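User: I would like to go through this model with you, starting with helix packing. Could you put it up first?

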Amino acid sequence: MEPTDDQPDRGTHPLADMTPIESIWGRIRQREIWTDEERETVLDELFPDDEKIIPYLKRFATLMILSTTIAAFGLIADSAAVVIGAMLVAPLMTPMLALAASLMYAQRKRFLGSLTLIILGTLGAIATGWLVAKVAGGTLTAASLSPELVARTAPSLLDLGIAVAAGLAGGYVLTHKGAGSSLPGVAIAVALVPPLATVGVALEFGATERALGALLLYTTNLIAIVLSASIVMFVSGFVPDYVRQIARGHLGLRLLPWGLALLAITVPLGLHTKAVLEDEAFVRNVTDAVEKWDPQASIVEIDADRSGSRATVSMTVATTTSDLQPAWKLAQSITDEHGIELDLDIRYQRESTDASSTS
Amino acid sequence: MRRRRVSALTLLTVGAVLVAACSSAAPDDRPVVEVFGPYRGEDASRFAAAFAPFEEQTGIDIRYVGTGSFSKDIQNRMTDADYPDVALFPQPALIRDFAHRDLLVPLSDDAVGTNMGSDAEVAAGTVGGTVYAVWFRAVVKSLVWYEPEVFRDRGYEIPGSWDDMMFLTEQIEEDGLTPWCLSMESFAATGWVGTDWIEDIVLRQHGPEFYDQWVQGDVTFEDEAIIDAFETFGEIIHQPGRVFGGTHRILNEPWTSAQAPMFNLEPPGCLLYRQASYQEANLPSSVVVGDDIDVFILPGKDGIEPPILASGDLAAAFNDRPEVRAFLEFLATPEAGEGWAAEGGFTSPHPEFDPDAYVTDFDRRLGEILQNAAVVRFDGSDLMVPPVGTGTFWTGMQSYVRTGDARAAAAEIQAGFPEATHFPEVPIPES
């Protein structure tokens, strides 16, 4: 590590007299050399100053509204490609990285500015999603939301993992010159605008629970990005040593609320994950029960949802015979095993005897 | 898990079935009563809410299974000798059949009987002088649906007697409109809508005692009084212009859309529709009961409070154990349906049911109609022997609508009476 002009020389070679492990860690930590000018360029992008602020805000508002509109249309139309397009247009990543940088630089004014912008952007996006759903909601109802919408309403611990990794990538891209072309990938990996559009759309359809789920996904992404980007900035050398030394004393204090928020959010995410795993286990149990119920029946499609002591199962079974066991026996065997209330909806499909099938 | 990929072209959807089941999560040594019935989905949950207090008080575990094809399933269970402890029958004709086969537990002279509140309740569950079933949930049949706003605008009044109603019919015709909505296509059960009309007319013209004799088979269909009832019905259906679409529509249009012209046409295609309280489920979602649409009781003879024809679901036991009897005793109490009434969609046949337990105005009104009625009689075709009640009475009604020949129709229905041992499969008209 070479001392730069603004870095006080510590007087020893950093890699000297280290154990192999320390040496490897040191190389991993080996920071890029930043000049003040380079830092300023990046910080200027994150925090536009007086004359640039108005155009920046205009651009932010325009892209925010447009990307949410695209996302909401894509979600309603159930088009993954359109939703991805919306992610690439979305401008929310900049104020989030700015928030992380202001945390590391301990700059209260910039921190509050970025936070305000994020909050306004968030509210604006929800309102836009709501408006698009109001105008173009078509035949969707709270009970029949498109799969693209539903997919964003039940975040799990997996989503937290994605957000943490994407936050690290976002911080890395920002602090490593030449990695800029990866930023679109980061935006896709950790979508911010589609969950917000989902909140708005779900609210318009009166699906409050789904809206809260999407809001949880967004919050997860927000916290994970800010926290992990902060860490990358700190570790990578983007934050100059003099700032590090001045601010180090308060670093823990500044990161603490974000760490706590992350911990707090793992609770609902863990519960969601548990519910997903339980649903999967329940589907396996129901599948076994169908085999025991009537070996002549094979499941073509099954959709099972268990919450607490209530479950809804709807399935299509194919059969070569017209003489299956009555459906109530299946319902009874499932409820007897699980001690639950069950609504079971079976559709029968007759399989012609010459059907080619693979087992 | 076996996964099988089958080309979509080789698949043919042959039907769908909905079932519901509930069971508490206590696999201990509590006594268990297995209950089999027609309630699914929302109704199954509401039924569960109705028996929850019983489970709490007694520690008896009720395991309910509901099926969308009750009539078929219960008869298959009989074939397999696989009986539930208790079954809830939406078609009491099946109770008569099971009772005749000595499969049901007689309930006379015990707590079940004393919990029942009225003769009509007892009669509904009685077969050959023995009580076998508890009337748990009621349907009010003697209702005429109409649009209050249309009546207000045109100055029509709710008729106080059958003659007033026929006068109103003529008045509507003179105004250039069609008075009645009526259609009765209902797959294998086509004709049941007409049987309800005849039962209501017999009950009004000749009183409850005569009605009981007729239902029990002591008065034949060829009796002049019954022929009269057919011809009274004929004054509505066979007079051109009195029923929307005429006899062709009566026979061919599904009964569930009989009332559609009242809502779909302007001015309304028809203004009066006699149908049971479950018509509520067939109304367009935009129509508010009590506001856009309302009911009056099908009137009877001048100066006589109209009798009420009713039907509903009855519970009978196949197995005689103390916990099974305890459950039927509970179902016979006035409190039995309170949990369901609190969720809506329930009318109790019990005279002492608490009206405050109803959550919707329409449920409360139906409950009050039953409680205040001087005469309540159970749907006759449900009580007649199955070859008639769910056989020739239905087909005879089709013949009568087609030909207008009351005597020929009466003879056709009466021919169903011989000592039949064959029991036909009974479709459930309400579903």
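**Helix packing, strands and confidence**

Analyst: In this predicted model, one helix contact in chain B joins W197(B), I198(B), I201(B), V202(B), Q205(B), H206(B), F210(B) and W214(B) of α8(B) to A225(B), I226(B), D228(B), A229(B), F230(B), T232(B) and F233(B) of α9(B). By class, this contact of α8(B) with α9(B) has eleven nonpolar, three polar and one charged residues.

User: How do the axes of α8(B) and α9(B) cross, and within what distance do they come?

Analyst: Helix α8 of chain B covers residues 192-216 and helix α9 of chain B covers residues 224-237; their axes come within 7 Å and cross at roughly 165 degrees. Angles over 145 degrees count as roughly antiparallel, and α8(B) and α9(B) are therefore roughly antiparallel to each other. The crossing of α9(B) by α8(B) is right-handed.

User: Now chain A. At what angle do α3(A) and α10(A) cross?

Analyst: The axes of helix α3 (residues 50-76) and helix α10 (residues 193-204) of chain A cross at roughly 65 degrees and come within 9 Å. That makes α3(A) roughly perpendicular to α10(A). Their crossing is right-handed.

User: Which residues meet there?

Analyst: From α3(A), S67(A), T68(A), A71(A), A72(A), L75(A) and I76(A) meet V193(A), P194(A), L196(A), A197(A), T198(A), G200(A) and V201(A) of α10(A). The contact of α3(A) with α10(A) has nine nonpolar, four polar and no charged residues by class.

User: Switching to strands: what is the order in the open sheet of chain B?

Analyst: The order is β9-β8-β10 (chain B), an open sheet of three strands with antiparallel pairing. Its edge strands are β9 (273-274) and β10 (294-297) of chain B, each of which pairs on one side only.

User: Over how many bridges do β8 and β9(B) pair?

Analyst: Strand β8 (residues 143-146) of chain B pairs with β9(B) over two bridges, in the antiparallel sense. W145(B) stands opposite Y273(B) in β9(B).

User: Finally, confidence. What is the mean pLDDT of chain B, and where does pLDDT stay under 50?

Analyst: Chain B has a mean pLDDT of 88, and 89% of its residues reach 70 or more. Among the stretches where pLDDT stays under 50 are residues 1-15 of chain B, for which the model has 34 contacts beyond four places in sequence. Residues 420-431 of chain B also stay under 50, with 30 such contacts beyond four places in sequence. Where pLDDT is low, the predicted coordinates should not be read in detail.

User: What ipTM and pTM does the predictor give the complex?

Analyst: The predictor gives the complex an ipTM of 0.73 and a pTM of 0.68.

Conventions
Residues are numbered from 1 along each chain as its sequence is written. Chains are lettered from A and ligands numbered from 1 in the order in which they are written. This is a predicted model: local features need pLDDT of at least 70, side-chain atom pairs count only at pLDDT 80 or more; totals for chains, interfaces and linings use all residues. pLDDT is the predictor's confidence in each residue, from 0 to 100. Two residues are in contact if their C-beta atoms, placed from the backbone, lie within 7 Å. Axes are lines fitted to C-alpha atoms, for helices over the stretch in contact, and angles run from 0 to 180 degrees between N-to-C directions. Helices (H or I, at least four residues) and strands (E, at least two) are DSSP runs, numbered from the N terminus. Angles under 35 degrees count as roughly parallel, over 145 as roughly antiparallel, 65 to 115 as roughly perpendicular and the rest as oblique. A crossing is left-handed if the near helix is turned anticlockwise from the far one by less than a right angle, and right-handed if clockwise. Ala, Val, Leu, Ile, Met, Phe, Trp, Tyr, Cys and Pro count as nonpolar, Asp, Glu, Lys and Arg as charged, and the others, Gly among them, as polar. Two strands pair if DSSP finds at least two bridges between them.
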